[in-house]
Amino acid sequence: MTAGKAISRLLVALSVSGLLANPLVAAQTYTPVFQPGYRPAPDTDEGGFWYQVDKVERDVARSPQLVTDPELNRYVNDLVCKLAGDYCSGIRVYIIKNPHFNASMYPNGMMHVWTGLLLRAENEAQLAAVLGHEIGHYLRSHQIDRWRSLRNGASAAIFLDMVLTMGLATMAVASGASAFGRDQEIEADQFGMDLMTKQGYEPNEAVNLWRYVNAEQAADKSKTGHSIFFATHPQPKQRIEKLEETARAVTQHKQSEFVSAEQNYLSAITPHYLEFMEDHFELQEYEQTELLLLKHQQLGYPQGQIDFFRGRLAMLQKGADFQARAETAFLASIDTAAAPAETYRELGYLYLKSRKNQEAATMFHKYLDSQPDASDRKMIEFYLSPIGNAHE
Amino acid sequence: MNKVLPALILTLSALLLAACQPYSLVRANNPVKLNGYSVTPGEEWNKASYKLGPKAVTWTSNGEVLDQLILIGDIGSGEALFKNTNKNLPMPPFTSDMMPFDVETLVKTSLKNSANGEVEVNTENLQPANFGGKSGFRFNISFYTASGLLKSGDVLGAVKDGKLYLMIYSAADLHYYKSKLPEVEKVFASVII
């Protein structure tokens with residue numbers, strides 16, 4: 001072990017002031033295993049690992065799948081910094097357009113936050129729970145430890161391959177070798193809860209988020225039930241119980257009220273709601289989408305946009321009276337200011353299919369009026385023409 | 001060693017020979033029968049031996065990474081364009097009530113899922129088009145491959161008697177897309193259905 005390594009392995013108190021402000025006697029507390037600004041020597045195994053991950057990060061940094069909006073990036077970054085304290089400068093957040101529920105952390109400080117997570121968290125406290133969990137993996141060097149423990153087998157190669165490819169991929173991960181071990185997941189959960197409560201976030205929100213993710217998984221009737229999240233994380237029942245236990249202990253010893261900060265969160269996500277949900281629809285996860293839309297309605301995302309997606313869902317799901325259900329949802333949407341222009345087009349096509357050509361024409365005109373530069377203008381104009389009208 | 005080496009050489013040659021037959025020549029100016037329609041290319045193409053779907057034929061000129069034309073036809077209600085490659089990302093089925101607008105989404109999701117969900121396919125410029133004298137449609141696609149290469153393309157299609165017919169052209173945006181487009185237009189215009 002080099003001198004640098006020895007220093008890095010010193011246990012460092014995370015935040016003395018935080019501990020004083022909130023004496024969590026009941027919960028086990030964890031400390032980071034390296035100092036802020038740590039970088040392994042290039043000729044060590046860890047240095048080699050970082051080198052590989054740095055290469056991945058260069059690709060990620062210029063990926064077309066990055067969400068580059070400065071405000072959203074600032075929002076997530078600020079939250080990470082709040083949680084990570086002195087370690088903030090070592091973490092780089094990349095928000096990735098991927099509708100699955102996931103976030104990931106790499107040993108060199110690269111953090112991925114998927115848009116599917118942003119669609120499922122209900123408030124800042126829930127996002128803080130996941131970010132805190134990821135920061136926990138990072139501060140405890142879990143990935144390096146896991147890799148070292150697997151190093152002598154074929155599973156080490158699978159593990160490395162997994163770490164290096166899972167960043168942007170939707171499903172490229174084999175479930176054989178988990179990114180982290182079960183104990184590491186529990187440790188990261190506890191560490192994450194410690195970090196979030198030190199910043200005053202309601203610990204029970206961590207429990208609520210995992211419960212929801214579980215329920216969404218159970219609602220899935222269309223597929224095999226292997227989500228990306230459960231491919232890389234142990235089944236959540238035990239984790240939820242452990243989190244509940246810790247949350248109870250923390251709440252008993254609390255000195256001030258915890259917050260969930262729902263409004264902050266919704267203000268940050270709402271400008272991107274339409275775009276993130278469009279990506280989500282490509283998953284064709286109908287039962288899960290029903291649950292998700294119900295949650296979004298309760299949270300207060302723009303009703304016109306929720307109704308738009310309800311209509312789209314009915315059209316995709318089919319079933320009894322689906323056209324009537326879709327029509328009701330679309331009509332409710334255009335009653336609001338938040339309705340996307342595409343709602344008129346959806347209604348136009350819906351009427352065209354049920355041979356209500358007059359109603360279709362009205363909606364198509366409204367669509368073109370609100371989207372004069374629509375790239376499908378010629379198609380819409382075709383349906384407005386006598387030939388197109390006779391077409392269906 | 002004396003015994004292993006010849007065996008190794010034999011195995012390797014067998015593997016190389018097996019790898020020699022993935023493409024067959026598509027001759028220029030000869031009508032080619034596809035699923036439910038025919039086209040006449042103006043240039044030579046290479047037809048891949050693999051099939052993305054039971055009713056999908058793939059042609060390429062410079063290799064699929066650089067350009068490809070997928071010719072699909074006779075897709076009935078409930079059938080998908082491509083075979084499933086990932087059970088978590090099932091291919092969406094075509095239904096006979098689909099309009100060009102719906103087919104646009106169908107193509108988008110099918111291409112995305114065929115790339116393991118790793119590409120975000122953009123579509124635009126949906127417009128009416130001639131498909132072998134029938135009323136059809138066309139639109140543009142563009143996407144970055146997982147390795148970061150920008151691809152552009154054109155899709156021409158039609159729904160006739162409840163069956164879907166489609167040609168999906170995509171090529172590296174840099175140089176290849178434009179250089180192959182005149183030939184692709186020739187193929188598009190040659191449809192007999």
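User: In the hairpin of S5(B) and S6(B), how many residues sit between the strands, and which one takes a positive phi?
Analyst: Six residues lie between the two strands of that hairpin, and Gly63(B) takes a positive phi near 105°. Strands, like helices, are DSSP runs numbered from the N terminus: at least two residues of E for a strand, at least four of H or I for a helix. Before going on, note that this is a predicted model, where local features need pLDDT of at least 70 and side-chain atom pairs count only at pLDDT 80 or more, while totals for chains, interfaces and linings use all residues. Residues are numbered from 1 along each chain as its sequence is written, and chains are lettered from A and ligands numbered from 1 in the order in which they are written.

User: How many bridges join S5(B) to S6(B)?
Analyst: Four, and the strands run antiparallel. Strands count as paired if DSSP finds at least two bridges between them. S6(B) covers residues 67-75, and its Ile72(B) stands opposite Ala56(B).

User: What about S4(B), how is that joined to S5(B)?
Analyst: By two bridges, again antiparallel; S4(B) is residues 45-48. Lys47(B) stands opposite Trp59(B) of S5(B).

User: Is S5(B) mostly covered or mostly open?
Analyst: Mostly covered: four of the five residues in S5(B), which spans 56-60, are buried. Buried means 20 or more other C-beta atoms within 10 Å of the residue's own, exposed means 12 or fewer, and partly exposed is in between, with C-beta atoms placed from the backbone.

User: Switching to chain A. How many helices and strands does it have?
Analyst: Chain A has 21 helices and three strands. Of its 392 residues, 42% count as buried.

User: In what order do the three strands sit?
Analyst: The order is S1-S3-S2, in an open sheet with mixed pairing. S1(A), residues 92-96, and S2(A), residues 103-105, are the edge strands, each pairing on one side only. Ignoring direction, neighbouring strands are turned by 15° against each other on average.

User: Which helix packs on that sheet?
Analyst: H4(A), residues 70-84, which touches S1 and S3 of chain A. The direction of H4(A) makes about 135° with that of S1(A). Such axes are lines fitted to C-alpha atoms, for helices over the stretch in contact, and angles run from 0 to 180 degrees between N-to-C directions. Contact means that the C-beta atoms of two residues, placed from the backbone, lie within 7 Å.

User: And how many bridges are there between S2(A) and S3(A)?
Analyst: Three, with the strands antiparallel; S3(A) is residues 110-114. Ser104(A) stands opposite His112(A) there.

User: Now H18(A). How far does it reach?
Analyst: H18(A), residues 342-353, reaches 17 Å from its first C-alpha to its last, close to the 16 Å expected for twelve residues at 1.5 Å a residue. The expected span is 1.5 Å times one less than the number of residues.

User: Why is it called largely enclosed?
Analyst: Because ten of the twelve residues of H18(A) are buried. Among them are Tyr344(A), Leu347(A) and Leu350(A). The buried residues pack against H16, H17, H19 and H20 of chain A, together with H2 of chain B. Just after H18(A), Arg355(A) takes a positive phi of about 60°.

User: Where is Lys318(A)?
Analyst: Lys318(A) is in the loop between H16 and H17 of chain A. Its phi is positive, about 55°, although it is not a glycine. Lys318(A) counts as partly exposed because it has 13 C-beta neighbours inside 10 Å.

User: What about Gln284(A), which loop is that in?
Analyst: The loop between H14(A) and H15(A). The phi of Gln284(A) is also positive, near 55°.
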